[in-house]
Amino acid sequence: MTALDAATGVVLRQTTLTVGGVPTCALSLAVAPRGRLLVGTVDGRVLEYG
């Protein structure tokens with residue numbers, strides 16, 4: 001997760017997750033049909049859970 005200051009764009013908080021042994025950071029989240037969660041990462045991947 002990345003949290004930005006709305007006025008300045010400064011990164012306030014960034015959480016790293018590990019996928020396939022590679023650390024990455026989520027940029028976007030979306031809920032897909034049938035309750036699946038899609039996570040867009042800073043390295044250009046889209047990960048699917050559920």
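This note walks through a predicted model of one chain in numbered points.

1. A word on the ground rules. Residues are numbered from 1 along each chain as its sequence is written, and side-chain values use heavy atoms, with hydrogens and water left out. Because the model is predicted, local features need pLDDT of at least 70 and side-chain atom pairs count only at pLDDT 80 or more, while totals for chains, interfaces and linings use all residues.

2. Let's begin with the overall layout. The chain has 6 strands and 0 helices, giving the pattern β-β-β-β-β-β when read along the sequence. With a radius of gyration of 12 Å, well over the 10 Å that the globule rule gives for 50 residues, the chain is more spread out than a compact globule. (That radius is taken over C-alpha atoms, and the globule rule is 2.2 Å times the number of residues to the power 0.38; helices, H or I of at least four residues, and strands, E of at least two, are DSSP runs numbered from the N terminus.) Along the principal axes, the C-alpha atoms fill a box of roughly 35 × 25 × 15 Å.

3. Next, the surface and the interior. Of the 50 residues, 18% are buried. Here buried means under 20% relative accessible area, exposed over 50%, and partly exposed in between, with a 1.4 Å probe and protein chains only.

4. Leaving aside residues up to four places away in sequence, Thr24 touches Thr15, Thr16, Leu17, Val19, Thr41, Val42, Asp43 and Arg45, where a contact means heavy atoms within 4.5 Å. Leu29 also belongs to strand β4, which covers residues 22-32, but Leu29 counts as exposed because its relative accessibility is 62%.

5. Together with Val31, Leu37 and Tyr49, Leu29 forms a nonpolar surface patch with about 410 Å² of accessible area. Patches are made of residues with over 30% relative accessible area and no salt bridge, joining like charges within 9 Å and nonpolar side chains (Val, Leu, Ile, Met, Phe, Trp, Tyr) within 5 Å.

6. Now for the charged pairs. Side chains of opposite charge can pair when their charged atoms come close. A salt bridge here is a side-chain nitrogen of Lys or Arg within 4 Å of a carboxyl oxygen of Asp or Glu, and the count comes to 2. In one, the side chains of Glu48 and Arg36 meet at 2.6 Å, N to O. This pair links distant parts of the chain, with Glu48 in strand β6 (residues 46-49) and Arg36 in strand β5, 12 residues apart. Glu48 is partly exposed at 47%, and so is Arg36 at 21%.

7. The other pairing joins Asp43 and Arg45, whose closest N and O atoms are 3.0 Å apart. Asp43 is partly exposed, with 41% relative accessibility, and Arg45 is partly exposed at 29%.

8. Finally, a look at a loop. Gly35 sits between β4 and β5 (36-41) and counts as exposed, with 60% relative accessibility. Gly35 and Tyr49 are 14 residues apart in sequence, and their C-alpha atoms are 8.8 Å apart in space.

Conventions:
Areas by Shrake-Rupley, 256 points an atom, 1.4 Å probe, with all protein chains shown as cover.
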